[in-house]
Amino acid sequence: QVQLVESGGGLVQPGGSLRLSCVASGSILSINAMGWYRQTPGKQRELVARIRGGGSINYADSVKGRFTISRDNAKNTVYLQMNSLKPEDTAVYYCNVDLWEATMLKSYPYWGQGTHVTVSS
């Protein structure tokens, strides 16, 4: 059974910073892409940042220059450093990991439970 556990969300003032973490555990054979998405009420979940197994990265235009995604393959962990936060960054942030679990024939995407980020004064 694969689990993705997120942490690091919370309340922060505009201009502040937060660091999200997501750890994947279970019978994992390999991990491909790792990423972060976010969702606000009434809107579709949107990509924030994604990092592939080879290291290539893409960001949503709205977070470029402010957010940094990174991964630690030894720890099966992906991070999202969020700086210069704005009220419009307020959302539930979800970790998404494309991985190959030991009992499966190929890789599949898995989702974390979500962590709340609120940017407000």
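I started with the cysteines: Cys 22 and Cys 95 form a disulfide, with their sulfur atoms 2.1 Å apart. The model I am reading is a predicted one. I noted that Cys 22 sits in strand E3 and Cys 95 in strand E9, so the pair ties together parts that are 73 residues apart in sequence. For the handedness I looked up the torsion about the S-S bond of Cys 22 and Cys 95; it is about -75 degrees, so the disulfide is left-handed. My count of disulfides ended at one.

Next I followed Cys 22 to its neighbour across the strands. Its bridge partner in E8 is Val 78. E3 and E8 pair in the antiparallel sense, and I found six bridges between them.

I widened the view to the sheet. It is an open sheet of four strands in the order E1-E3-E8-E7, with antiparallel pairing. Strand E1 (3–7) and E7 are the edge strands, each pairing on one side only. Direction ignored, neighbouring strands of this sheet are turned by 15 degrees against each other on average.

Last I looked up the largest nonpolar core, which has 29 residues. Val 78 turned up again here, among the residues that touch the most other members, along with Trp 36, Val 48, Phe 67, Leu 80, Met 82 and Tyr 93. I listed the elements that give two or more residues to this core, including strand E3 (18–25), strand E4 (28–39), strand E8 (77–82) and strand E9 (91–101). The largest share, five residues, comes from E9.

Terms used: Residues are numbered from 1 along each chain as its sequence is written. This is a predicted model: local features need pLDDT of at least 70, side-chain atom pairs count only at pLDDT 80 or more; totals for chains, interfaces and linings use all residues. Side-chain values use heavy atoms; hydrogens and water are left out. A nonpolar core is a set of buried Ala, Val, Leu, Ile, Met, Phe, Trp, Tyr and Cys residues joined through side-chain atoms within 4.5 Å. Buried means under 20% relative accessible area, exposed over 50%, partly exposed in between (1.4 Å probe, protein chains only). Two strands pair if DSSP finds at least two bridges between them. Axes are lines fitted to C-alpha atoms, for helices over the stretch in contact, and angles run from 0 to 180 degrees between N-to-C directions. A disulfide is a pair of cysteine sulfur atoms within 2.5 Å.
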